[in-house]
Amino acid sequence: MKLKSLILGSVAAAGLSTAGYAADLGVLTSLDVCDSLGLSGLTISSDTNCLQISGKVSYEFVWGNYGAGRTIASTQPGFQFGAGAVGTNINADGVRNIDVPDTVAGISNDWDSKVETLLKFVATSSSDFGPARVVINLRQRDYTRARNGVAGGVIDPVTGLATGVHPDAHPLRAQDAYVQVGDTTIISAGKKGSIFNEGDDEPFNFTGLFISDSADKGVWEGPVRKGGHVIQIESSFGEGFVGKLGLEALDRTDNQAGSLIGVLDYSGNGVTAHISGSVGGLLDGVQTVGDTYAVHAGVTGTFDAFKLRAALAAGGGYAPAGNWSYWNGLVSGEATFDMFKVALSGEFSGGNAVGGAALPTDYGIGGSIGAQVAEGIEINIGGRYFNDGTVGVGDGYQVAAQLVASLTESIKLVGEIGVYGHAEDVATAATAVDGPVAAAAAYSDFYGKAELQWAPGGGFTSSVAAQAQQNGAYKVTFKAAKEFQ
């Protein structure tokens with residue numbers, strides 16, 4: 001409120017000091033326009049527009065010895081996400097690693113320092129078709145990473161060589177810049193995020209699942225080229241149904257430019273559901289390795305003390321040597337009985353490699369049981385298991401116990417102990433679908449971590465966490481963030 005008053009006061013002062021120009025500029029100090037448009041938050045109005053301003057700054061610092069990695073689960077390395085070289089199998093999302101200490105002699109320290117900035121402006125006015133908006137979303141990410149005491153680049157944990165500037169760092173830029181008009185039917189055009197819905201697909205058990213972790217806590221969205229320069233239309237059909245249609249990725253400069261995306265969403269009666277579809281690589285008008293398709297569907301039902309969820313993703317793409325494809329499904333359920341909460345989840349994935357050869361089917365299961373043992377104190381015990389269908393590759397697992405304690409209304413303590421493990425890898429021939437597998441002994445790694453979270457209000461959050469592992473890796477993490485609107 002003080003910030004809002006300060007901005008409005010500054011506008012008023014500027015108007016008083018330049019009285020001869022105020023009338024020409026149409027600057028007002030009341031927010032009647034915003035009120036009539038039903039807008040709130042940090043706003044400034046003119047005689048025809050209401051400008052909403054929101055933003056966030058977050059900081060994260062990690063220090064320790066954790067820069068190398070070891071694989072616990074490698075999920076479907078045969079999926080080809082993107083053009084790639086013809087005949088090669090690529091999956092950038094498929095590896096679940098645990099931290100391992102770096103091994104350069106005499107140097108052990110690793111650290112990451114990241115600042116993310118968001119500043120969003122939404123200017124709204126009325127029109128005959130509904131509210132008309134222009135949205136400008138400015139983002140910046142400063143990201144410094146050091147491995148083995150070497151800063152300024154990403155250090156490959158296998159080769160130990162710098163690979164260049166961190167790919168997640170970028171200067172201040174307009175991540176979103178688009179115009180929009182409408183109410184029950186909304187038309188958008190410009191630089192914007194995708195309408196492709198990939199929700200309703202997270203497992204309920206607290207450890208999650210290994211394939212799900214590789215896909216941002218859900219089933220794979222697949223080879224969707226989305227967002228960027230877009231033309232979109234969204235319309236509410238009533239009874240909880242919303243339809244969306246868009247042309248996206250119109251700014252890509254390769255053979256994957258142009259995606260047609262359609263979505264049908266539903267929400268009502270304790271159920272949320274969607275189905276999203278995408279066909280990519282349309283703009284060049286010819287069949288190339290950039291031509292892809294994808295479907296993502298999910299449904300969540302809440303029935304008194306029970307929750308059920310199911311999700312499925314499928315898709316693939318063209319390759320001269322033979323088309324490739326994938327599928328990935330997930331089911332999860334949760335039940336609450338007095339002080340106890342029980343969750344079970346399962347997942348499966350498979351498909352065909354470039355050339356058409358069938359890939360082995362992977363699957364995973366997970367479960368947890370939680371209990372509210374006292375006011376503000378919760379205990380969770382659970383685990384997950386991953387069966388790698390690739391011949392010769394051992395299975396992975398995690399078992400963990402977690403304590404969540406609300407010390408005060410604004411301070412929470414989260415502690416966890418557990419173990420990750422990977423079964424023995426048995427050597428296979430180079431003729432295997434996913435390539436040769438080298439022999440390796442089984443291994444496991446115990447860990448413990450604790451995090452103190454602080455949320456005093458006002459949009460400010462902060463935390464301090466520490467983690468130590470049996471293999472010698474350790475890290476300390478500090479986070480702080482503040483948002484306003």
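So, there are 7 aromatic pairs in this structure, where a pair means rings of Phe, Tyr or Trp (its six-membered ring) with centres within 6.5 Å, stacked if the planes are under 30 degrees apart, edge-to-face if over 60, and tilted for the rest. One of them is Phe348 with Tyr363, a tilted pair at 6.5 Å centre to centre and 35° between the planes. It joins distant parts of the chain: Phe348 sits in strand β17 (residues 340-352) and Tyr363 in strand β18 (residues 362-374), 15 residues apart. Strands, by the way, are DSSP runs of E, at least two residues, numbered from the N terminus.

Quick caveat: this is a predicted model, so local features need pLDDT of at least 70 and side-chain atom pairs 80 or more, while totals for chains, interfaces and linings use all residues. Residues are numbered from 1 along each chain as its sequence is written, and side-chain values use heavy atoms, without hydrogens or water.

Now, over to Ser58, which lies in strand β2 (residues 50-65). Ser58 is buried, at 18%. Setting aside neighbours within four places in sequence, Ser58 contacts Lys114, Val115, Glu116, Ala480 and Ala481, contact being heavy atoms within 4.5 Å.

How values were computed: Helix = DSSP H or I, 4+ residues; strand = E, 2+ residues; numbered from the N terminus. Buried < 20%, exposed > 50% of the residue type's maximum accessible area, 1.4 Å probe, protein only.
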